[in-house]
Amino acid sequence: MLPIGLLNLNKPSGMTSRRAVDVVQRLARPAKAGHAGTLDPLASGVLVVCVGAATRLIEYVQRMPKRYRGTFLLGRSSTTEDIEGDVVELASPPIPTQDQICEAARQFVGRILQRPPAFSALKVGGRRAYDLARAGRAPELAPRPIDVFSIEVITYDYPELILDVACGSGTYIRSLGRDLGESLGTAAVMSALVRTAIGGFHIEEAVEPGQLDAAHWLERLESPLRAVEQLPRVQLSADEAKRIRNGQAIDAERIGDLVDFVRQVENRSCVEMAAVDPDGQLAAILTRLDSGQWRAARNF
């Protein structure tokens, strides 16, 4: 039986996300492995790797809120918005107080528009933005809506500023530092970044790729249900689980547990839920049909 589940990795700085996944892939073969949210080589911290059929759950992990600890140097700018690029010190930049920084940070909390960095993996006309930027044709990327839940100053000793940021998917922390610096009349480059959490996956419980070995790595594999903690959940009977696995729809009107569940979610326009079999394992992701029935969008 092929392994299935999620690994909470603590990716070290200097390692690409792809290389971290390759460590797991070698152990999991012939099962597939893929990560849910790239960390740049400069960054470290939580990288959730999905194994086997759980690779079909990557998008659910990507939707989870994230938490970062970002370190920035004020009074400096860079084409890459971090110290990986050519860093230029500003001449006589203003030195903001911590109170000014906290006040300025408030405008970046909530649903905001953020211009992604030119050196990013976003595609422009079929090409990666960073490829265009390296060729001297840095694209001007359109601002995108992102969610920032909180920004907290951890320490400040000019020029170094360390922030704790809780945010949604698609947020570029180095661009947040860039915009915060500009709002203070100066500039900022990111010098370090640690992703401390993705949803319920925390860095304190993460394992470094180098600590995984063939004899014990499966002990670190967590249930696929961890990927869908944000979805409503319903318990299926053995007969219901069989019907779902055979591609049949469930009629909510004649299944008591599901009837109660549907009543709870009707006003929330729920279109997906996690279905658990009698053994407590993830059986499927169910999607709601126009008829009111539920059918598997993904089977496990």
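**Entry 1: G5.** I looked up G5 and found it in strand β1, residues 5-11. Strands here are DSSP runs of E of at least two residues, helices are runs of H or I of at least four, and both are numbered from the N terminus. The model is predicted, so I note that local features need pLDDT of at least 70, side-chain atom pairs count only at pLDDT 80 or more, and totals for chains, interfaces and linings use all residues. Residues are numbered from 1 along each chain as its sequence is written, and side-chain values use heavy atoms, with hydrogens and water left out.

Is G5 buried or exposed? G5 is buried, because its relative accessibility is 0%. Buried means under 20% relative accessible area, exposed over 50%, and partly exposed in between, with a 1.4 Å probe and protein chains only.

I then checked its surroundings. G5 and E222 lie 217 residues apart in sequence, yet their C-alpha atoms are 5.2 Å apart. Leaving out residues up to four places away in sequence, G5 touches V49, C50, V51, A54, L221, E222 and P224. A contact means heavy atoms within 4.5 Å.

**Entry 2: helix α5.** I moved on to α5, residues 173-183. Nine of its 11 residues are buried, so the helix is largely enclosed by the rest of the structure. Among the buried ones are I173, R174, D179 and L180. What do the buried residues of α5 pack against? I listed β4 (66-74), α3 (98-105), β7 (110-114), β10 (144-157), β11 (160-167) and β12 (188-198). Just after α5, G185 takes a positive phi of about 80°.

**Entry 3: the cores.** The largest nonpolar core has 26 residues. Such a core is a set of buried Ala, Val, Leu, Ile, Met, Phe, Trp, Tyr and Cys residues joined through side-chain atoms within 4.5 Å. I101, L161, L163, V165, I173 and L180 have the most contacts inside it. At least two residues each come from β4, α3, β10, β11, α5 and β12. Another core, of 21 residues, lies apart from it and includes A36, A54, V61 and I285.

I also followed L163. Beyond neighbours within four places in sequence, its contacts include Y68, F72, I151, V153 and L180.

**Entry 4: T80.** I found T80 in the loop between β5 (76-78) and β6 (87-89). T80 counts as buried because its relative accessibility is 10%.

**Entry 5: whole chain.** I noted seven helices and 17 strands. Buried residues make up 49% of the 300 residues.
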